[in-house]
Amino acid sequence: MSDFRRPSRRAVVGGFTSLGLLALTGTLAACGRQNEIQLAAAPATSLPIPPVADSRVEDGIRVFELEARTGTLDLVPGFPTTSAGFNGPYLGPTLRAERGEHVRVKITNSLDEVTSVHWHGMHLPPEMDGGPHQPVAAGSTWEPEWLIDQPAATLWYHPHPHGETQRHVNLGLAGMFIVDDADAPEGLPSDYGVDDVPVIVQDKMVGDEGDFLLDSSGNEVGTLGKTLLVNGVRNAQLEVASRRIRLRLLNAAPARTFNFTFADSREFALIASDGGLLTAPVPLTSIRLSPAERAEIVVDIEPGERVMLRSAGVELGAVAVPAAFGGDDEFDVLELRAAGELAPSSSVPETLASIERLREDDAVGLREFRLADRKINSKDMDMGRVDEIVRVGTTEVWEVRNTNPYPHNFHVHDVQFQVLAIDGEEPPPELGGWKDTIYLEPRRVYRIILRFGDYTSSSVPYMYHCHLLLHEDEGMMGQFVVLEKGEAAPLRISMDHDH
């Protein structure tokens, strides 16, 4: 039986016979790249650096304030682009806090509709997670509060309203949340905005009158735009003043998977993935990031150089037609322009972090997750249904499989996980650290290990889902509750909300 149940555009790709697939492949190949970014015929723009959010300490709690509001961008002459951001017209400030701090974020929703703010990658109580069960009504405020208790990492925040996440993120509602840790090694570039730079990458489909559009054009994964924004601008360039620079890469696109590399194929050091620093730097010439994944890289620069960060053709695995999903697209992302004289930089430390390896022998069970069409384990998302029940303090192994011939990925709220194996083989070194999101090549089995600590609730769940936002919005999401040992499992989740 086919996994596809609707006679829609999804069946066109997902249900192809071999002959039909070959025919489509040939047609697309004849047309060339389908979704390639088109660089603006305009001068380079200095890369804006999201400001570090102001905060104050009240009764030992660090307090931030965010306001979701609408704005405009100037992308098409004469036609202002309607956008949205936090504390500004587009994107949001970088929140920054130390491990061990209590934080509170006062969020004011000045939009004319419900939104939410999810702390992607953060370990925190489910009531504070900011997923679809914590909506913030128009004109209201929400003040989540929690203890930062995880290693130094590049996290991010974005809306997560059920069925509307793609549109809200596409309008610009997103920002970074950097966790600092006194145990992080010395020697890494750490001057924010100078040699330690946030790089938020998004592709957009922009209409003739400037509007941000969402149109998947039947390609299954969602909107693949032809306009690239880095920290909210096109044709971005960064003036470099030191010999080494740290780039905190965030794929904040709704659907596109990037393959970050440098035009001259120079080597860089991968120092961190989603959940923090690796045990040691990994030398690479490219790094694949699917939507929501992060990577911190350090690259060496010579005086006077101009070095282009690009997205090269990306290996998507055994997808049906790579060109249809951006696999063949190649384009410039960010130009690094080195000054004639550069300040010296320390070498990247040989040891970065101590990572406790979760042991499969300690796992209390195995769960299997099959992603197909817009379902996980043949179920559409139901906000009132408990899909999985886990017990606090336990370790589990999850096997995750993409059974479609097109891309998916997999994100788990609250916990960072480790990758045990891919098709029974040891994962590559770039997947050797903490992860909260992983790209799923079609028809491969990803074996991950997770430990559920600290927070429980029988009434408020966490999510797991595909982070291709069209898929998430259309139901490719499930939810789990973390309970005390012996605690009775809830039959349904209440849909009552108090903010």
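**Rings, a lysine and one serine**

Okay, let's start with lysine 204, which sits over the face of phenylalanine 212, 4.7 Å from the ring centre. Keep in mind that this is a predicted model.

Staying with rings: how many aromatic pairs are there? The count comes to 22 aromatic pairs. One of them is phenylalanine 258 with phenylalanine 331, and that pair is edge-to-face, 6.1 Å centre to centre with 80 degrees between the planes. Phenylalanine 258 belongs to strand 17, residues 258-262, and phenylalanine 331 to strand 23, so we're looking at a link between distant parts of the chain, 73 residues apart. Phenylalanine 258 is buried, because its relative accessible area is 0%, and phenylalanine 331 counts as buried at 3%.

Here's another pair: phenylalanine 369 and tyrosine 464, also edge-to-face, at 5.0 Å centre to centre and 70 degrees between the planes. Phenylalanine 369 is in strand 24 and tyrosine 464 is in strand 32, residues 462-465, so this pair ties together parts 95 residues apart in sequence. Phenylalanine 369 is buried at 2% relative accessible area, and tyrosine 464 is buried at 3%. Both rings are in a cluster linked by ring pairs, along with Trp398, Phe410, Phe452, Tyr462 and Phe480.

Now over to serine 347, in the loop between strand 23 (331-343) and strand 24 (363-372). Is serine 347 buried or exposed? Exposed, because its relative accessibility is 53%, and the cut-off for exposed is over 50%. Leaving aside neighbours within four places in sequence, serine 347 is in contact with Gly187 and Arg244. Leucine 289 is 58 residues from serine 347 in sequence, and their C-alphas are 25 Å apart.

Conventions. Residues numbered from 1 in each chain as written. Predicted model: local features only at pLDDT ≥ 70, side-chain atom pairs only at ≥ 80, totals over all residues. Heavy atoms only, no water. Helix = DSSP H or I, 4+ residues; strand = E, 2+ residues; numbered from the N terminus. Buried < 20%, exposed > 50% of the residue type's maximum accessible area, 1.4 Å probe, protein only. Contact = heavy atoms within 4.5 Å. Phe/Tyr/Trp six-rings, centres within 6.5 Å; stacked < 30°, edge-to-face > 60°. Lys NZ or Arg CZ within 6 Å of the ring centre and 35° of its normal.
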